[in-house]
Amino acid sequence: MHQSDIQPGRLAVLSDPECWDLLRTRPVGRIAWSGLQGVSIIPVNYAVSDDSIVLRTTPYSLLARDSADREVAFEVDDFDVDTHEGWSVLVRGRCRRVHRATERPEPWVTGARVLDLQVEVSSLSGRRILPAAGHPLQSEDEFFTA
């Protein structure tokens with residue numbers, strides 16, 4: 001498929017259950033906060049625990065120092081650059097230090113990742129890019145399930 005063959009798609013708003021289902025399908029997201037060094041955004045691996053996002057980090061990291069007890073944004077997405085289809089989920093909430101969260105991600109990097117941070121969700125939103133009108137779908141359900 002050539003870029004000139006791709007028609008702009010449509011945006012569909014995702015329900016909260018669809019957003020949670022999609023959040024559970026990916027191991028890495030991005031967390032953003034405004035701290036002492038200005039706005040920061042970093043990739044992190046995470047776990048979904050009940051209705052919150054759990055991260056593990058070192059107690060001396062910028063993330064631990066700057067984001068605890070602050071409002072943060074957390075984003076996960078998946079896109080197919082060839083077909084211009086995909087989805088994005090945005091979580092907003094307060095980041096708190098917790099002692100041994102129920103669900104914990106396994107760290108992807110070396111070092112003692114002993115501090116659990118939990119994003120208590122205050123808002124959740126998501127969108128999916130659907131094929132352009134008239135574009136043949138393989139399955140209607142393909143675009144509304146994780």
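**View A. β5 and β8 pair in the antiparallel sense, joined by six bridges.** The model shown is a predicted one: local features need pLDDT of at least 70, and side-chain atom pairs count only at pLDDT 80 or more, while totals for chains, interfaces and linings use all residues. Residues are numbered from 1 along each chain as its sequence is written, and side-chain values use heavy atoms, with hydrogens and water left out. Strands here are DSSP runs of E with at least two residues, helices are runs of H or I with at least four, and both are numbered from the N terminus. Two strands pair if DSSP finds at least two bridges between them. Look for R56: its bridge partner in β8 is D116.

**View B. Strand β5 is covered on both faces.** β5 spans residues 52-57. Six of its six residues are buried (under 20% relative accessible area; exposed is over 50%, partly exposed in between; 1.4 Å probe, protein chains only). On one side sit S52, V54 and R56.

**View C. β4 and β5 form a hairpin with two residues between the strands.** The two strands run antiparallel and are joined by three bridges. S49 stands opposite S52 in β5. Which residue takes a positive phi in this hairpin? D50 does, with a value near 55 degrees.

**View D. The largest pocket holds about 270 Å³ of space.** On a 1 Å grid over the protein atoms alone, a pocket is an open set of points where a 1.4 Å probe fits, with protein on both sides within 12 Å along at least five of seven lines; lining residues have an atom within 4 Å of a point. Volume is the space filled by probe spheres set on the points, which are joined across faces, edges and corners. The lining has 13 residues, and the closest to the pocket centre are P43, V44, N45, R56 and V109. β3 (38-45) and β5 each supply at least two lining residues. Which strand gives the most to the lining? It is β3, with four residues. The lining divides into nine nonpolar, two polar and two charged residues. Ala, Val, Leu, Ile, Met, Phe, Trp, Tyr, Cys and Pro count as nonpolar; Asp, Glu, Lys and Arg as charged; the others, Gly among them, as polar.

**View E. Helix α1 is covered by several strands.** This helix runs over residues 16-23. Its buried residues are E18, C19, W20, L22 and L23. The cover over these residues includes β1 (10-13), β4 (47-49) and β5, together with β6 (70-80), β7 (85-98) and β8 (115-130).

**View F. β6 pairs with β2 and with β7.** Strand β2 (residues 28-35) joins β6 over three bridges, in the antiparallel sense. A32 stands opposite A73 in β6. Eleven bridges link β6 to β7, and these two strands also run antiparallel. E71 has R94 in β7 as its bridge partner. The β6 and β7 hairpin has four residues between its strands. In that turn, H84 has a positive phi of about 60 degrees.

**View G. Zoom in on G93, in strand β7.** Why does G93 count as buried? Because its relative accessibility is 0%. Leaving aside neighbours within four places in sequence, G93 is in contact (heavy atoms within 4.5 Å) with R70, E71, V72, V119, E120, V121 and S122. G93 and V72 lie 21 residues apart along the chain, with 5.7 Å between their C-alpha atoms.

**View H. Zoom in on R10, in strand β1.** R10 is partly exposed because its relative accessible area is 42%. R10 and I129 are 119 residues apart in sequence, but 5.6 Å apart in space, C-alpha to C-alpha.

**View I. The whole chain has two helices and eight strands.** Along the sequence, the pattern reads β-α-β-β-β-β-α-β-β-β. Of the 146 residues, 41% count as buried. Among contacts with a separation of 6 or more, 67% link residues 24 or more positions apart. The mean pLDDT (the predictor's confidence in each residue, from 0 to 100) is 84, and 84% of the residues reach 70 or more. Over residues 137-146 the pLDDT is below 50; beyond near neighbours in sequence, this stretch has 14 contacts in the model. Where pLDDT is low, the predicted coordinates should not be read in detail.
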